[in-house]
Amino acid sequence: MNKYIMVIDDSPTIRVSVEMALKQLGLSIKQAENGQDALDKISQIKAEGSEIAICISDINMPVMNGIEFIAEFRKVDKFTPVVVLTTEAEKDIIQKGKEAGASGWIIKPFQAEDLLNVVKRFVK
Amino acid sequence: MMKVETEVNVKNIRSFYTSLKNELEKESEVILDLTDTVRIDSSAAQVIISAMSRAAVLNKKISITGASPEMKALLSLAGL
Amino acid sequence: MGEGGLTEVFLNECTEIIGNLESDLVTLEEKNDDQDIINRIFRYFHTLKGSSGIAGFTVIYEFTHNLESLFDKVRSGEILVNRDIIDILLDSIDYIKDELFSDSGSPESDTIRKDLTDRINVFLGTTDKKEEEPEDFLKAVGAYKSVGSNERYFKIAAVFKEDIFNNGIDPLMVIEDLSGLGKIISLTVDKKRIPDFEKLDPEKCYMSWDIVMKTRFDEMKLRDVFLFVYDDNEIDIENVTEKYNVSKETPYIAEKKLGEILVEKGIINNNELEDLVRMQNDKNFRLGDIIVQKGLASPKQVDEALSEQDKIKKKIEISTVRVDSTKLDNLMNLLGEIVIGQASLHRVADDIEEEKAFRLKNSLYSLDRVTREFQEQIMSIRMVPIGPTFEQFKRFVRDAAHNMGKEIKLHIEGADTELDKTVIEKIGDPLKHMIRNAIDHGIERSDERRKSGKPAHGTINLKAYHQEGNVYIDVIDDGKGFDLEKVKRKAVSLGMIQPEEEITREKLVTIVFSPGFSTAEQASDLSGRGVGMDVVKTNIEELRGSVEVKTKEGEGTLIRIKLPLTLAIIEGMLVRIGRSVLIIPLLSVIETIQVSRENYKTVEGKGEVILVRGDYISLIRLNELFGIEANFTNPWEALIVIVESDGERIGIMIDDLIGQQQIVIKSLDNFITTSRSISGASILGDGRVALIIDIHGMVEEIKNR
């Protein structure tokens, strides 16, 4: 059974940097451009019999933003951790994220090591 | 003897809970075999804790075997 | 994919975003209230900022941060879209393009960016405030040095909410992370909240933990483990280092149960104990029997624990006795006599024939050991914690701050630190004075503090700790520090220094301790009445302590008092001048040297000086000071003891060095002298009286001549 890290951000730069930072965890990584794209890819992954280990999601995205994504995701997956990517200015977003079911957050811009440490709090 | 999965966490806790419940009903002693288990979470710990209290009331016994050193450390942090 | 890969991804992303931005901005100029476009543009800037930060383009990151802030105001309707705004935004995009894609990066790009930033700031209503982060001064001088050793003890109580699993969080993982920071001393999982097995909802969390752990990390680090659960769950972290250290010394304050003793010895754990106690209640067995029956401990282990329990009971019965403190003083004096008696026996042993001397000396050495232990015991009886002294200042600070219209918090650390009873009695006034000064002159009014970016309320830290056989008390305020210019002006006007005199910071700070010095422009209710820091200094020197000040303008002041553990005994250096024996406190002694004839001279206005390690230092002749006879009158024939007082070195001329030993001080209160050069006397082994020199007092006395 494959385990995936889902990286959701509209910026390819962020997606690639997250992927680079988390590569050493040895899990498969799947990128999505927004919440809807992520939900689609997640249902594909689950249909294959694989599992999501953790989602790393941006907040501010077109089509479906991060908060909406978490709420939708929780309808199909109650317990998988979701780490929110946010900026200093969005700190009140953290509360909304938590209410929707987010697990943790990291403030952008971040060092690869910091992101890795946050993810390691949830994935052992 | 009840073989425990590689990982028991809140995602598969219901099935673990049900199996343990069945086992406890029919056996007077349940041995949880953790040989293949690499990780448990709080939900698994509290199911085991709760089952042990239940077993004591029924004059039955639940014990744990085959835990790796890492698992032992985790179990002791969970109060087991 | 390497780092180059990320840059490539980033540049591609920028090309796309910039293209979209340009077209959206032009559209916006026509349809200036189109919310969709506005939101989209905001997101582009936001993304640009995030990506440039990640990709390491710091300049672009900072610049786009400003653009994002500007456009946030457009989005909220605070700034209306007009030509000016669109111009700035388009110019900014041109700049970003230039910065990212032109081959060499144009040399004027810095100027262009600065201009644009200025234009943006006009709209943001901010000025370029890039203040240098001030180096944390108080930290630099060690004001926040941890008390005692680096090992800290924390008590952590964590109760997690039932639906925490729905946030993808496993509390056990959090506890696991916590355990990685140190050593778990005790851990109890509260099982009471876990429902009966039959009724258990396995997808809800009922676990809570009580943990005591030992770690070298600080509370912040522990708190960080709980970062994502801190707000929504009941997490309580308490620093119990002091409690724990105390309870280690006197672990048996209350009666202990057998189970607790076994847990402490690591024979059973807390959870096992809980089960056993439940079983004990059910079946009415003795705990010891159950433990042995269950095979958790051997009968021998239980017996040992039981006898320990017995001992503890006995200990409690004789816990405290009240005694008159003069009895303690008498005891100390008598001990002094014993020490003297021993010293005289040692002298006798020196004079008798070898074999008997050997036996006598052996007996004397073991007697010495007992006496030393005896002395330590008596001293420990005299030690009392400084806590109550500190506590009384809470009210004082509150009232005094209130009167001055200031907001000040008093923070106390090391309340358990023990000092000699006499020191505690005498330290109150000087401390109060220093706190007064901090309230009066140190900490600013709230409005002033806010202006300089400090928290509205000031803080005074009172801290006591042991280090290297001394007791330290720190009074730390985060006020405005000494105004050294003002100190200098005042010192000049008082004629203490010459206007043109070059004077170091350290020297200026010490001037504050000179008699009659006070910088308060206006005398307040509290301090500034001429009774100033000089009194503080004198008081502390009477306790054979010293004061050290570190101050930084705008950031605060640290006053560090160093005190001996006890006043009754000092380490002294015995020196001979003519037929007299004098004692120099070893604390003040730096070294003993011989000086050559060329390195000695007489300087107009300064008297006799000698050259020591490149510096000329004053030479003092004790024989002249005390009117006694000396063998040597030429410094190059005599020995010179170099001592230190207030950071200044002084040479003291002596005939010979006798040795060093612990000296039990006899106070000279009822004796002859009013000389400040003498702090007391001691009786030597051969019955002679030796005077103890007070170095600070002596230097003062010589200066005042």
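1. The H1(B)–H2(B) crossing is right-handed (the near helix is turned clockwise from the far one by less than a right angle). Contact residues (heavy atoms within 4.5 Å) are B:Ile13, B:Phe16, B:Tyr17, B:Leu20 and B:Leu24 on H1(B). H2(B) contributes B:Ser43, B:Ala44, B:Val47, B:Ile48, B:Ala51, B:Arg54 and B:Ala55. They divide into 10 nonpolar, one polar and one charged.

2. This is a predicted model, where local features need pLDDT of at least 70, side-chain atom pairs count only at pLDDT 80 or more, and totals for chains, interfaces and linings use all residues. Residues are numbered from 1 along each chain, chains are lettered from A, and side-chain values use heavy atoms, without hydrogens and water.

3. Helices H1 (residues 13–26) and H2 (residues 42–57) of chain B pack at about 15°, axes 10 Å apart. H1(B) is therefore roughly parallel to H2(B) (angles under 35 degrees).

4. One network links A:Lys78, B:Arg14, C:Asp201, C:Glu203 and C:Lys204.

5. B:Arg54 also forms a salt bridge with C:Glu198, 3.3 Å from N to O. The pair crosses between chains, from helix H2 of chain B to the loop between strands E2 (182–190) and E3 (208–215) of chain C. B:Arg54 is partly exposed at 27%, and C:Glu198 is partly exposed at 41% (buried is under 20% relative accessible area, exposed over 50%, partly exposed in between; 1.4 Å probe, protein chains only).

6. B:Lys11 pairs with A:Glu51 in a salt bridge, closest N and O atoms 3.4 Å apart. B:Lys11 sits in the loop between strand E2 (7–8) and H1 of chain B, A:Glu51 in strand E3 (residues 51–58) of chain A, so the pair joins two chains.

Terms used
Axes are lines fitted to C-alpha atoms, for helices over the stretch in contact, and angles run from 0 to 180 degrees between N-to-C directions. Helices (H or I, at least four residues) and strands (E, at least two) are DSSP runs, numbered from the N terminus. Angles under 35 degrees count as roughly parallel, over 145 as roughly antiparallel, 65 to 115 as roughly perpendicular and the rest as oblique. Ala, Val, Leu, Ile, Met, Phe, Trp, Tyr, Cys and Pro count as nonpolar, Asp, Glu, Lys and Arg as charged, and the others, Gly among them, as polar. A salt bridge is a side-chain nitrogen of Lys or Arg within 4 Å of a carboxyl oxygen of Asp or Glu.
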